Amino acid sequence: MDDHAGQFVRAVSRQGPRITLQFDGEAVEASEGESLLAALLTQRSFLRRTEFGSEPRAGFCLMGGCQDCWVWSDTGGRLRACTTNVAAGMVLRSQPPGLDALRG
């Protein structure tokens, strides 16, 4: 699965200033005011891999009721991508900091 092919396609283009954030060390462009989920899935095929295996996850309910779209800030804080708006300069990860070291 290509991590860089978007899963979502915008029906209507977003208006507003363009901003840049970092996700897993890569720059992601987004429109101010859109959700992290929308910004990321227009540019990636999935958000993260499940904690219990390597299956790709991209959100399930899309309204903050499940736990499928969690992403982590570079400082370790957990965010729901579907209910968190993008902000310029965000540094995010698809896995909790330190998880890669545990998976070895």
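A: One ground rule before we start: two strands count as paired if DSSP finds at least two bridges between them. Keep in mind, too, that this is a predicted model.

With that rule in hand, take β1 and strand β7 (residues 91-93): they pair in the parallel sense, over two bridges. On the β7 side, Leu92 is the bridge partner of Phe23.

Now go to the other pairing of β1. Strand β1 covers residues 18-23 and strand β2 covers residues 26-31, and these two run antiparallel, joined over six bridges. Arg18 has Ser31 of β2 as its bridge partner. The hairpin that β1 and β2 make has two residues between the strands, and Asp24 there takes a positive phi near 50 degrees.

Step back to the whole sheet. It is an open one of five strands, ordered β2-β1-β7-β5-β6, with mixed pairing. The edge positions belong to β2 and β6 (78-80); each has a single partner strand, so one side of each has no neighbour in the sheet. On average, neighbouring strands here are turned by 40 degrees against each other, ignoring direction. As a reminder, strands of a sheet pair through backbone hydrogen bonds, and they can do so either parallel or antiparallel.

On to the charged side chains. Side chains of opposite charge can pair when their charged atoms come close. Searching the whole structure turns up two salt bridges.

One of them brings us back to Arg18, which forms a salt bridge with Glu29; their closest N and O atoms are 3.7 Å apart. Glu29 has 45% relative accessibility, so it counts as partly exposed.

In the other salt bridge, the side chains of Asp74 and Arg93 meet at 2.9 Å, N to O. Here as well, distant parts of the chain are linked: Asp74 sits in the loop between β5 (70-73) and β6, Arg93 is in strand β7, and they are 19 residues apart. Why do they count as partly exposed? That label lies between buried, under 20% relative accessible area, and exposed, over 50%. Asp74 is at 40%, so it is partly exposed, and Arg93, at 31% relative accessibility, counts as partly exposed too.

Conventions. Residues are numbered from 1 along each chain as its sequence is written. This is a predicted model: local features need pLDDT of at least 70, side-chain atom pairs count only at pLDDT 80 or more; totals for chains, interfaces and linings use all residues. Side-chain values use heavy atoms; hydrogens and water are left out. Helices (H or I, at least four residues) and strands (E, at least two) are DSSP runs, numbered from the N terminus. Axes are lines fitted to C-alpha atoms, for helices over the stretch in contact, and angles run from 0 to 180 degrees between N-to-C directions. A salt bridge is a side-chain nitrogen of Lys or Arg within 4 Å of a carboxyl oxygen of Asp or Glu. Buried means under 20% relative accessible area, exposed over 50%, partly exposed in between (1.4 Å probe, protein chains only).
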